[in-house]
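Here is a short report on one protein structure. Please look through the sequence and the 3D view before reading on.

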Amino acid sequence: MENSIYRPKSVDQLTFTDNGMFQAVLHEPSVCAELVARLLGVKVKKVEYPELEKTIAPYYISKGVRLDVYLKDEDKIIDVELQSQPQEALGKRTRYYQSMIDCDALMKGDDYAKLKKSYILFICKHDPFKNAGGQNFALSRYTFRNVCDENKCVNLDDKTLKVIYNATAYEKERDEKVRAFLKFVCTNDPGEDEYSNSLFATVEKLKVNEKFRLEYAAMNIHDMDLIRESKKEGRQEKAVEAARSFYANGVSIDIIAKSLDMTVEQVKEIVSGESEAQMQTN
């Protein structure tokens, strides 16, 4: 049991796909712009400095979201997420992220026409989609748009696009640059790709950067404090906060349950945004 308790990696063990490191590497606007251009085919004209782990909670009683990398252009908003662990209900997660982004972007009284183009980009280390038989579809990328069932030529034109990459299927990707990046995500081997090598080099530099090491340690201290607080009697709300924080950081549901003395079902309810009432009966 003790070995199953969540323990963050040391700085020296981090790779590009680890929480904290991913956000730090994409801290540079030009790096974000290149990633967006490569994976979405979208040119970013002018980047407003990326907001890392942006939290959006428009109402006190609503479930907030913590976005990995959130950047804006003159006419578009792009949310970039990296998922290292298998994720359930990924479709519903993208739906909720989209709604929160729109609420955050449109001021009260603004016309809907002012909504910018919105892109949600997920980079997954595990295939998030399975057929009815439980087999993965094994596509390297999944692109979703809102089109009419009755006539595919009719597009809702809501200016939204969701693209989800499955790094495990990198060999199937036709675009050479995308394939090289997905291989790096999957294997941590940058190969001969110039961009992937630049990301790898940045990771190595950050590992010996004192400021990053301190920030990473502070982040982990916060998460471990959530565990300790959540285990105290009468601290169910802290347990809920801790579960959501770990899940957002890519910790598996099984490990969250063991670390916080919950059942897997309880954790699933929390991270899916469903009722927390069952937590009170534990």
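## Ground rules

A residue is called buried when its relative accessible area is under 20%, exposed when it is over 50%, and partly exposed in between (1.4 Å probe, protein chains only). Glu34 has a relative accessible area of 30%, so Glu34 is partly exposed.

This is a predicted model, in which local features need pLDDT of at least 70, side-chain atom pairs count only at pLDDT 80 or more, and totals for chains, interfaces and linings use all residues. Residues are numbered from 1 along each chain as its sequence is written, and side-chain values use heavy atoms, with hydrogens and water left out.

## Salt bridges around Arg38

A salt bridge is a side-chain nitrogen of Lys or Arg within 4 Å of a carboxyl oxygen of Asp or Glu. The whole structure holds 10 salt bridges. One of them joins Arg38 to Glu34, with the closest N and O atoms 3.6 Å apart. Both residues sit in helix H2 (residues 29–40), 4 residues apart, so about one helical turn separates them. Helices here are DSSP runs (H or I, at least four residues), numbered from the N terminus.

Arg38 also forms a salt bridge with Asp193, at 3.0 Å from N to O. Arg38 lies in helix H2, but Asp193 lies in the loop between helix H4 (176–187) and helix H5 (194–207), so this pair ties together parts that are 155 residues apart in sequence. Are these two residues buried or exposed? Both Arg38 and Asp193 are buried. For Arg38, the relative accessibility is 11%. Together, Glu34, Arg38 and Asp193 are linked in a network of salt bridges.

## What else Arg38 touches

Contact means heavy atoms within 4.5 Å. Which residues does Arg38 touch, not counting residues up to four places away in sequence? They are Lys177, Val178, Phe181, Asp193 and Tyr195. Take Val178 from that list. Arg38 and Val178 are 140 residues apart along the chain, yet their C-alpha atoms are separated by 6.3 Å.

## Helices H4 and H5

The axes of H4 and H5 come within 8 Å and cross at roughly 30°. Axes are lines fitted to C-alpha atoms, for helices over the stretch in contact, and angles run from 0 to 180 degrees between N-to-C directions. Angles under 35 degrees count as roughly parallel, over 145 as roughly antiparallel, 65 to 115 as roughly perpendicular and the rest as oblique. H4 and H5 are therefore roughly parallel to each other.

Which residues meet where these helices touch? H4 brings Ala180, Phe181 and Phe184, while H5 brings Tyr195, Ser196, Leu199 and Phe200. Look at Ser196 in helix H5. Its relative accessibility is 0%, so Ser196 counts as buried. Leaving out residues up to four places away in sequence, Ser196 touches Ala180, Phe181, Phe184 and Pro190.

Glu204 is partly exposed, at 35% relative accessibility. Lys207 is buried, with a relative accessible area of 12%.

## Nonpolar cores

A nonpolar core is a set of buried Ala, Val, Leu, Ile, Met, Phe, Trp, Tyr and Cys residues joined through side-chain atoms within 4.5 Å. The largest one has 40 residues, and Phe16, Val80, Ile123 and Phe181 touch the most other members. H2 gives the most to this core, with 7 residues. Another core lies apart from it, with 15 residues, among them Val251, Ile253, Ile256 and Leu260.

How does the span of helix H3 (residues 90–105) agree with 1.5 Å a residue? The expected span is 1.5 Å times one less than the number of residues. For the 16 residues of H3 that gives 22 Å, and the end C-alpha atoms are 22 Å apart, which agrees. Buried residues of H3 include Leu90, Arg93, Tyr97 and Ile101.

Ser245 belongs to helix H7 (residues 236–248). Ser245 is buried, with a relative accessible area of 9%. From Ser245 to Ile256 is 11 residues in sequence and 9.9 Å in space, C-alpha to C-alpha.

Technical notes:
Helices (H or I, at least four residues) and strands (E, at least two) are DSSP runs, numbered from the N terminus.
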